[in-house]
Amino acid sequence: GAGSYKSQICLLDPTVEANWADSLTFKNCSNNTIPSLPPGQVVSVRLCGIGRSTQGAWTNAISLMIV
């Protein structure tokens with residue numbers, strides 16, 4: 001199981017791997033805020049679990065408009 005989780009955000013084309021940037025690493029995956037996102041911007045977000053020695057696969061990305 002995952003001991004923590006990592007998030008990445010993408011402000012450009014999410015199909016281009018180089019457009020993704022690390023955002024937060026956290027222990028609890030239920031309620032977290034990614035700070036400093038630009039209002040009016042479409043942002044893609046994805047998560048992965050991190051175990052003791054490995055990182056899991058990234059989830060499918062979701063895209064949302066920041067208000």
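Colleague: How many helices and how many strands does the secondary structure of the chain come to?

Modeller: In this predicted model, the secondary structure comes to zero helices and four strands, and a reading along the sequence gives the pattern β-β-β-β. The C-alpha trace spans about 35 × 25 × 15 Å along its principal axes.

Colleague: Why is serine 7 called buried?

Modeller: The relative accessibility of serine 7 is 1%, and buried means under 20%, so serine 7 counts as buried. Serine 7 is found in strand β1, which covers residues 4–10, and, leaving aside residues up to four places away in sequence, serine 7 touches Ala21, Asp22, Ser23, Leu24, Phe26, Ile34, Arg46, Leu47 and Trp58.

Colleague: What makes alanine 21 partly exposed?

Modeller: Alanine 21 has a relative accessibility of 37%, and since buried means under 20% and exposed means over 50%, with partly exposed in between, alanine 21 therefore counts as partly exposed. The place of alanine 21 is in strand β2, residues 21–26, and, with residues up to four places away in sequence not counted, alanine 21 touches Ser7, Gln8 and Ile9.

Colleague: How far apart in space are alanine 21 and valine 42?

Modeller: From C-alpha to C-alpha, alanine 21 and valine 42 are 15 Å apart in space, while in sequence they are 21 residues apart.

Colleague: How do you know that the sulfur atoms of cysteine 10 and cysteine 48 are too far apart for a bond?

Modeller: A disulfide is a covalent bond between the sulfur atoms of two cysteines. The sulfur of cysteine 10 has its closest cysteine sulfur in cysteine 48, at 15 Å, whereas a disulfide calls for sulfur atoms within 2.5 Å, so the distance is too far for a bond. A search of the whole structure finds zero disulfides.

Colleague: Why are cysteine 10 and cysteine 48 called buried?

Modeller: Cysteine 10 has a relative accessible area of 1% and cysteine 48 has a relative accessibility of 2%; because buried means under 20%, cysteine 10 is buried, and cysteine 48 counts as buried too.

How values were computed. Residues are numbered from 1 along each chain as its sequence is written. This is a predicted model: local features need pLDDT of at least 70, side-chain atom pairs count only at pLDDT 80 or more; totals for chains, interfaces and linings use all residues. Side-chain values use heavy atoms; hydrogens and water are left out. Helices (H or I, at least four residues) and strands (E, at least two) are DSSP runs, numbered from the N terminus. Buried means under 20% relative accessible area, exposed over 50%, partly exposed in between (1.4 Å probe, protein chains only). Contact means heavy atoms within 4.5 Å.
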